[in-house]
Amino acid sequence: MPELEISRWPQAQPLESRTVAEVWARDGFSCDLWVDRPGQQGLDFVHQTDERAVVKEGTLEFEVEGARAMLGPGDEVFIPAGSRHSVWNRGSSTARWFYGYRHG
């Protein structure tokens, strides 16, 4: 199975709601916080716009079009428009992560 490409949140930038929203807005993305309890999953989403997500705390597994990766705090993933994707909280604690959609 292919591995999902992830990037890292810049350590010079606080991983807080206001900062993420400001950085993402420069690229035309919204920003909201999602909270997943241990074992929670969201399966087979497809959106008609690009999405991005960055983990604030916890351990999440993302799958995008069959490519998978485990993400921890500071790991960021880009999900292209039209891509089938799923997310699982694989940790034993609550996971919090920011997500956003490209405007327009």
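Strand 4 (51-57) is mostly covered, with five of its seven residues buried; buried denotes under 20% relative accessible area, exposed over 50%, and partly exposed the range in between, for a 1.4 Å probe and protein chains only. Strands such as this one (E, at least two residues) and helices (H or I, at least four) are DSSP runs numbered from the N terminus. The model is a predicted one, in which local features need pLDDT of at least 70 and side-chain atom pairs count only at pLDDT 80 or more, while totals for chains, interfaces and linings use all residues. Residues are numbered from 1 along each chain as its sequence is written, and side-chain values use heavy atoms, leaving out hydrogens and water.

Two strands count as paired if DSSP finds at least two bridges between them.

| Strands | Bridges | Bridge partners |
|---|---|---|
| Strand 2 and strand 9 (residues 95-101) | five | Val 35 and Arg 96 |
| Strand 4 and strand 7 | four | Glu 51 and Ile 79 |
| Strand 4 and strand 9 | six | Val 55 and Trp 97 |

Strand 5 and strand 6 pair in the antiparallel sense over five bridges, and Glu 61 stands opposite Met 70 in strand 6.

## Phe 62 and the cores

Phe 62 lies in strand 5 and is buried, with a relative accessible area of 2%. Not counting residues up to four places away in sequence, Phe 62 touches several residues, including Leu 4, Ala 53, Leu 71, Val 77, Trp 88 and Trp 97. Phe 62 and Arg 84 are 22 residues apart in sequence and 11 Å apart in space, C-alpha to C-alpha.

A nonpolar core is a set of buried Ala, Val, Leu, Ile, Met, Phe, Trp, Tyr and Cys residues joined through side-chain atoms within 4.5 Å. The largest one has 15 residues, and those with the most contacts inside it are Leu 4, Leu 60, Phe 62, Leu 71, Val 77 and Trp 97. Strand 4, strand 5 (60-64), strand 6 (67-71), strand 7 and strand 9 each give two or more residues to this core. Apart from it lies another core of nine residues, among them Trp 9, Leu 15, Cys 31 and Phe 98.

## The largest pocket

A pocket is an open set of points on a 1 Å grid over the protein atoms alone, with protein on both sides within 12 Å along at least five of seven lines; lining residues have an atom within 4 Å of a point. The largest pocket is lined by 15 residues, of which Trp 34, Phe 45, Glu 51, Val 87 and Trp 97 lie nearest its centre. Strand 2, strand 3 (41-45), strand 8 (85-89) and strand 9 each give two or more residues to the lining.

Terms used. Contact means heavy atoms within 4.5 Å. On a 1 Å grid over the protein atoms alone, a cavity is a set of points where a 1.4 Å probe fits but cannot get out, and a pocket is an open set with protein on both sides within 12 Å along at least five of seven lines; lining residues have an atom within 4 Å of a point.
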